[in-house]
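Here are some notes for a first look at this structure. Please keep the model open while reading.

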Amino acid sequence: MFYMFVFRFCSVKVGVAMRYVKFVLLFTMIMTAMTAVSCGKQMPEAAGKKFTTEYSCREDTMKYNTLSPEEERVIVHKGTEMPFTGEYVYNKDDGTYVCKRCGEPLFRSSDKFDSGTGWPSFDDEIPGAIKKETDADGRRTEILCANCGAHLGHVFYNEGMTDKNARYCVNSISLDFNREESADAAVTGTTLKAVFAGGCFWGVEHHFQKVDGVKSVTSGYTGGSKANPTYKEVCSGKTGHAEAVEVEYDPSVVSYEKLAKLFFEIHDPTQLNRQGPDMGPQYRSAVFYANDEQKKIAEKLIGELKANGYDVVTELEPASEFYPAEDYHQDYYEKTGKQPYCHVYQKRFNN
Ligand SMILES: [Zn+2]
């Protein structure tokens, strides 16, 4: 509500309004600090509250990356994301974590550790990258981007979690991750995962199983609300899950881009919530990306398809829990000797 109040003023007379804005902002910060809780507990205001994107009159957001309302809630208004929901909680890839707002490098993957708190945790910072201030609660130590002042989270000491005895508890949403590109190809023996939904998983699985470099393909359910859903529940279309496949592959043999391309050529990405005769949101076309790199590749490919005249409806959804389907769904075409009824390869890219 306070935010709405601010916007009204912003849209009227900026000169007069700025004093109100400052006052309301200060008040909001104090209120937020009072209701905010430390890493390790949930923040009640995180769910359900709506923030508008019209908050553009604040000077220092202008020269940085544009923030979504949720990013702004955390980064500007010092909010806290829900634990175990952030993009980088489980990220173990090699690379550098940078400030979402200004791009300044903040943490190295080599200093990341699993604290079990649900937030990305580091026991050290890139020297000089982090500003520390006593939190508005007078108790914790807030950490901010030293370059732009973006709120990152808090730092805790003497918990004995690592040798360095520090835990920088950071909101994923305050960060971007720059992956070391050569990392996955250089390491032999590692496999990576890619999750795609393109209608009935029998046919999608069938095509991916034939690709060189693919170690395994599992049919399952993802992107919904219920834990351990059954086929019957997913079929109802009410759980929000999509029939999907989890492809485990060797990145030194086949790239994510090649797999994603194949995905777009073995199903029809222009059909909304259906695939051939199968209708319903559980048959939606979706890429469940595990990191920013996968997301960017998928976006690039969708752009290419659109340029080729395809009205692509494929959704990009962040990867969430993947539930393997019942045994009788696995390797369906291999077991039955039948041929896929609605997944036929069709070339859609130029090369
Ligand atoms: Zn920054």
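1. A residue is called buried here if 20 or more other C-beta atoms lie within 10 Å of its own. Keep in mind that this is a predicted model. Now take helix 5, residues 201-208. Eight of its eight residues are buried, so the helix is mostly covered by that cut-off. They are Phe201, Trp202, Gly203, Val204, Glu205, His206, His207 and Phe208.

2. What do the buried residues of helix 5 pack against? Three strands are on the list: strand 10 (192-198), strand 11 (214-222) and strand 12 (242-249). Two helices join them, helix 7 (256-266) and helix 9 (332-336).

3. Next, the largest nonpolar core. It has 36 residues. Phe196, Ala244, Val245, Val247, Leu259, Ala260 and Phe288 touch the most other members. At least two residues each come from strand 10, helix 5, strand 11, strand 12, helix 7, strand 15 (285-289) and helix 8 (292-307). Helix 7 gives the most, with seven residues.

4. Beyond its neighbours within four places in sequence, alanine 244 contacts Val195, Phe196, Ala197 and Phe201, among others. Its other contacts include Gly220, Tyr221, Thr222 and Phe288.

5. Another core lies apart from the largest one. This other core has 22 residues, among them Val76, Tyr97, Leu106 and Ala150.

6. Six strands form an open sheet, in the order 3-4-8-7-6-5, with antiparallel pairing. Strand 3 (112-113) and strand 5 (130-134) stand at the edges. Each has a single partner strand, so one side of each is left without a neighbour in the sheet. In general, strands of a sheet pair through backbone hydrogen bonds.

7. How many bridges join strand 5 to strand 6? Five, and the two strands run antiparallel. Strand 6 covers residues 141-145. Lysine 132 stands opposite isoleucine 143 of strand 6.

8. Last, serine 121, which sits in strand 4 (residues 121-122). Is serine 121 buried or exposed? Serine 121 has 24 C-beta neighbours inside 10 Å, so it counts as buried. Leaving out residues up to four places away in sequence, serine 121 touches Lys112, Phe113, Ser115, Arg167, Tyr168 and Cys169. Serine 121 and cysteine 169 are 48 residues apart along the chain, yet their C-alpha atoms are separated by 4.9 Å.

Notes:
Residues numbered from 1 in each chain as written. Predicted model: local features only at pLDDT ≥ 70, side-chain atom pairs only at ≥ 80, totals over all residues. Helix = DSSP H or I, 4+ residues; strand = E, 2+ residues; numbered from the N terminus. Buried ≥ 20, exposed ≤ 12 C-beta atoms within 10 Å, placed from the backbone. Contact = placed C-beta atoms within 7 Å. Pairing = 2+ DSSP bridges. Core = buried A, V, L, I, M, F, W, Y, C linked by C-beta atoms within 7 Å.
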